[in-house]
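Hi everyone, thanks for coming along. I'd like to walk you through one structure today, a few pieces at a time. Please have a look at it before I start.

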Amino acid sequence: MSKVALTELPAWQALKQHHEAIASLHLRDLFDQDAERGARFALDALGIYFDYSKHRITSETIDLLLQLAEQSELRARIAAMFAGEKINITENRAVLHTALRAPRDATILVDGENVVPGVHEVLDRMADFCERVRSGAWTGFSGKPIRAVVNIGIGGSDLGPVMAYEALKFYSQRDLQCRFVSNVDGTDFVEATHDLDPAETLFIIASKTFTTQETMTNAQSARRWFLANGGNEDAIAKHFVAVSTNAGEVAKFGIDTANMFGFWDWVGGRYSMESAIGLSTMLAIGSDNFRAMLAGFHAMDEHFRTTPFAQNLPVLMGLLGLWYADFFGAETVAVLPYDQYLRRFPAYLQQLTMESNGKYITLDGARVNYQTGAIFWGEPGTNGQHSFYQLIHQGTKLIPCDFIAFAQTLNPLGDHHDLLMSNVFAQTEALAFGKTQAAVEAEGTPAWLAPHRVFEGNRPTTTLLADKLTPAMLGKLVALYEHMVFTQSVVWQIDAFDQWGVELGKVLAKRVAAALNGDGDLSGYDSSSAALIARYRELRTHKNP
């Protein structure tokens with residue numbers, strides 16, 4: 001890590017002055033001054049055309065941002081991560097999600113041990129299991145094949161599998177449906193299972209410790225549901241498998257530990273979708289497609305590790321995000337995938353980005369004096385255009401946007417895809433260049449109405465254009481954002497791989513749960529919490545007239 005505070009680095013100071021000099025420049029002027037801008041600020045790598053020309057930058061901006069990356073020792077930090085060094089300093093752990101997608105012949109050492117053979121041993125066991133389920137060789141207690149898979153997890157044990165299943169549904173086995181339960185709200189479980197046949201249902205319980213409160217509450221409900229609807233204790237092993245490392249608790253639940261798929265403490269939850277946590281994904285799309293996805297991840301890993309920063313997709317994406325957060329004061333990033341299959345991609349990125357970089361303490365334990373961790377949000381396709389794009393175009397907030405699109409649709413239907421893509425290109429054009437007062441008045445718009453129809457433009461966008469959405473391309477996109485997050489964390493001098501911020505609420509919830517189930521003294525609570533708990537106790541048993 002850098003021994004110099006971020007804001008004291010020469011490149012940071014130069015960027016501060018540079019921002020003051022160019023902040024008022026408009027994208028209209030930047031494009032007018034450079035006929036080749038669209039080509040100069042674009043990269044073509046790994047089947048992704050990365051257009052960042054519609055950003056409020058000049059060549060000097062990029063040069064200074066790249067200097068900031070160098071002065072932040074990003075190269076050394078990348079090397080340390082890939083080498084298995086324990087860069088998650090608050091938990092003293094290596095950070096090796098990259099090992100989950102390494103080829104069989106790779107060597108990646110953790111504490112002197114090559115972890116790659118263990119990774120592939122688990123992948124091979126997963127593939128064998130998935131083939132038995134998908135082919136119908138694995139049957140439930142009545143002899144029927146499995147027709148529904150319910151993944152029970154939360155956080156990284158849910159968001160990644162859900163997103164991947166939705167993203168790759170085109171490649172899935174359609175007579176095998178997948179559902180996901182994460183929320184401890186009983187409605188989530190009830191709605192996921194209400195029309196399922198227990199004799200044809202397989203539950204995946206995904207919890208590393210097999211003690212996660214929400215996951216195990218839902219798992220116990222699944223067990224009761226199964227036993228109450230025709231199953232029996234002996235049949236639990238046919239209908240429940242585990243993604244965990246706690247063999248004792250798994251066996252106590254009734255799951256055969258031969259059907260327990262493990263992973264490692266150097267895999268963070270939000271980086272685990274390509275580990276055994278992705279068992280539901282492999283069940284849906286098959287092992288060949290799953291391995292193709294892993295190959296896509298690995299291709300982006302190698303691009304990030306080896307490519308010079310000026311042509312490095314994750315590095316540039318990360319630095320551009322930092323440019324807006326720390327110098328323009330932008331607080332959010334909109335991720336706008338123009339493909340319905342990616343409808344859960346923004347939600348997935350919320351955990352990846354905000355749980356990773358939502359930190360105000362540096363690696364040295366000091367409080368930051370700059371912005372970290374933007375808020376990520378978004379919706380797919382043209383839906384958002386009829387919802388929140390109004391604010392992006394004419395609101396008072398600066399919101400950088402990532403547009404993700406594919407030249408070929410997986411579902412050709414008339415002129416739908418051309419219409420969809422026309423909106424991608426039109427939106428980025430409108431956001432960049434807007435519409436001036438003069439242009440509005442030239443259309444004959446009344447003077448009183450003209451200000452309402454002016455678009456200031458100068459709204460920055462990145463366009464990611466690929467051939468089509470395949471398992472490999474999904475892997476590349478996820479890894480792109482993973483390494484973008486790491487790039488930003490290095491410059492911000494924070495730990496992207498811990499998540500202490502989620503702990504306090506979980507600890508307090510256990511204490512509150514005990515209070516909700518009794519009528520004891522509430523004097524230990526603040527006045528607001530005490531009143532809320534008391535009101536809940538009263539309303540819980542209240543009968544509506």
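Let me begin with a question: which are the buried residues of helix 13? Before I answer, some ground rules. This is a predicted model, where local features need pLDDT of at least 70 and side-chain atom pairs count only at pLDDT 80 or more, while totals for chains, interfaces and linings use all residues. Residues are numbered from 1 along each chain as its sequence is written, and side-chain values use heavy atoms, with hydrogens and water left out.

Now the answer. Helix 13 has these buried residues: Phe290, Met293, Leu294, Gly296, Phe297, Met300, Asp301, His303 and Phe304. Buried means under 20% relative accessible area, exposed means over 50%, and partly exposed is in between, using a 1.4 Å probe and protein chains only. Helices (H or I, at least four residues) and strands (E, at least two) are DSSP runs, numbered from the N terminus. As for the spacing in that list, an α-helix has 3.6 residues a turn, so residues three or four places apart point the same way.

Next, a partner. Helix 6 (residues 116-135) packs against helix 13 at an angle of about 150°, and their axes are 10 Å apart. Helix 6 is therefore roughly antiparallel to helix 13. Here axes are lines fitted to C-alpha atoms, for helices over the stretch in contact, and angles run from 0 to 180 degrees between N-to-C directions. Angles under 35 degrees count as roughly parallel, over 145 as roughly antiparallel, 65 to 115 as roughly perpendicular, and the rest as oblique. The crossing of helix 6 and helix 13 is right-handed. A crossing is left-handed if the near helix is turned anticlockwise from the far one by less than a right angle, and right-handed if clockwise.

Who meets whom? On helix 6 we have His120, Leu123, Asp124, Met126 and Ala127, and they meet Ser287, Phe290, Arg291 and Leu294 in helix 13. Contact means heavy atoms within 4.5 Å. The residues of this contact split into five nonpolar, two polar and two charged. For the sorting, Ala, Val, Leu, Ile, Met, Phe, Trp, Tyr, Cys and Pro count as nonpolar, Asp, Glu, Lys and Arg as charged, and the others, Gly among them, as polar.

Helix 1 (residues 10-22) and helix 4 (residues 59-71) have axes that come within 9 Å and cross at roughly 160°. Helix 1 and helix 4 are therefore roughly antiparallel, and their crossing is left-handed. Helix 1 brings residues including Trp12, Leu15 and His18 to the contact, and helix 4 brings residues including Leu64, Leu65 and Leu68. Overall, that contact has nine nonpolar, four polar and one charged residue.

Now helix 15 (residues 345-357). How many of its 13 residues are buried? The count is 10, so helix 15 is mostly covered. Among the buried ones are Phe345, Tyr348, Leu349 and Leu352. Their cover includes helix 7 (159-167), strand 10 (332-337), strand 11 (375-377), strand 12 (401-406) and helix 19.

On to the loops. Between helix 15 and strand 11 there is a loop that holds Arg367. Is Arg367 buried or exposed? Arg367 is exposed, with a relative accessible area of 61%. Leaving aside neighbours within four places in sequence, Arg367 is in contact with Tyr360 and Ile361.

Most residues other than glycine have a negative phi. Phe210, though not a glycine, has a positive phi of about 60°. Phe210 sits in the loop between strand 7 (201-206) and helix 9 (213-228), and is buried at 3% relative accessible area. Gln493 also has a positive phi, near 65°. Its place is the loop between helix 19 (471-492) and helix 20 (503-516), and at 9% relative accessibility Gln493 counts as buried.
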